[in-house]
Amino acid sequence: MQLILLGPPGAGKGTQAAALAERWDVVHISTGDMLRGAIEAQTPVGLQAKALVESGELVPDELVLKLISDRFAQPGMKKGWILDGFPRTVAQAEAFDDLLNKLGLAYPKVVHLKVMTGLLIDRLLAMGRADDTVTTIRRRLAVYQEQTAPLIAYYQARKCLTTVNASQGAAEVAGALSRLELVEPGGEAAYIANEAEFDALVNQEKLLVVDCTAAWCGPCKLVAPLMDRLAGEYSDRANVFKLDVDTNKDMATRFKVKGIPAVMFLKNGELLETMAGAHAYQVFSDKVASFL
Ligand code: AMP
């Protein structure tokens with residue numbers, strides 16, 4: 001996953017980015033958090049940024065670009081990342097495009113969290129952050145309109161932008177985000193067609209992971225893309241498949257699957273464990289690793 005969350009202050013970028021980063025086990029990068037950390041630690045960057053952050057202005061492009069390029073130079077970025085609060089100007093977006101190109105990383109998807117302006121001031125006041133008074137909030141919103149909103153057209157032109165209605169509550173926005181195709185399909189976990197195919201797979205020595213799912217099941221849609229990723233990550237050590245319980249009721253009965261989503265782990269014809277419910281990617285990945 002390579003994702004940019006774009007939207008005005010108060011759109012919920014931080015909350016949604018943190019939840020997605022946990023679910024997908026990818027790096028969450030918030031330039032606002034990095035700057036607040038630098039200010040608190042009174043580093044040279046912090047000292048330079050302090051007055052600007054406190055008044056709701058943007059800090060200079062070169063300064064955030066240095067933070068970002070240093071962060072992307074650290075290990076672990078290949079597994080994926082979510083940016084929240086960066087880029088905030090067209091110059092930052094252009095420089096970031098160059099950086100990705102230089103590092104050979106895939107072009108990101110961009111989600112615009114769109115909010116009715118009237119809601120934002122109340123939301124930001126309710127969040128009660130130290131740098132937010134009504135005056136700075138107004139300034140932050142004006143700065144967004146002037147300097148950041150042009151990025152909507154920038155990414156639209158690059159055909160990677162999707163808009164989500166973020167005037168709704170955080171849970172609804174999270175639901176809308178989970179319905180988007182935010183990762184390239186790859187390492188797809190295929191469907192098991194029938195019981196004969198299932199039996200052939202079950203009796204192998206290799207670990208078999210079966211995601212029990214159905215078209216009508218909402219939470220199953222959270223688990224399915226994680227299984228696709230699991231299939232890619234463990235392609236040489238485990239077989240990861242999906243099973244439509246509607247067309248395969250007999251198998252669900254045979255393995256006593258009571259509710260879905262449920263992920264079964266099987267080896268040598270034996271069911272080792274069934275994990276019910278939706279979990280973060282790391283939880284499924286650790287479970288596979290524990291059976292290998
Ligand atoms: P945030 O937490 O994302 O709202 O950021 C808080 C403040 O940090 C902003 O009001 C800016 O002063 C500064 N800031 C964060 N990210 C950037 C950025 N990409 N470019 C310039 N200033 C930023």
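**Close-up views of a predicted model**

View 1. Helix 2 (residues 31-40) gives the largest share of the shell around the ligand, four residues; helices here are DSSP runs of H or I with at least four residues, strands are E runs of at least two, and both are numbered from the N terminus. This is a predicted model, where local features need pLDDT of at least 70 and side-chain atom pairs count only at pLDDT 80 or more, while totals for chains, interfaces and linings use all residues. Residues are numbered from 1 along each chain as its sequence is written, and side-chain values use heavy atoms, with hydrogens and water left out. There are 15 residues around the ligand, and Thr31, Arg36, Glu57, Gln92 and Arg140 come nearest (near means a heavy atom of the residue within 4 Å). The shell splits into six nonpolar, four polar and five charged residues; Ala, Val, Leu, Ile, Met, Phe, Trp, Tyr, Cys and Pro go down as nonpolar, Asp, Glu, Lys and Arg as charged, and the others, Gly among them, as polar.

View 2. On its own the ligand exposes 480 Å², and the protein buries 96% of that (Shrake-Rupley areas, 1.4 Å probe).

**View 3. The disulfide.** A search of the whole structure turns up one disulfide, meaning a pair of cysteine sulfur atoms within 2.5 Å. The partners are Cys217 and Cys220, with their sulfur atoms 2.2 Å apart. The torsion about their S-S bond is about 85°, so the disulfide is right-handed.

**View 4. Two cis prolines.** Phe86 and Pro87 are linked by a cis peptide bond with omega near -5°. Pro87 belongs to the loop between strand 3 (81-84) and helix 5 (90-103). Ile260 and Pro261 are also joined in cis, with omega about 5°, and Pro261 is found in the loop between helix 12 (249-254) and strand 9 (262-267).

**View 5. A positive phi at Lys159.** Lys159 isn't a glycine, yet its phi is positive, about 55°. Look for Lys159 in the loop between helix 8 (150-157) and strand 5 (161-165).
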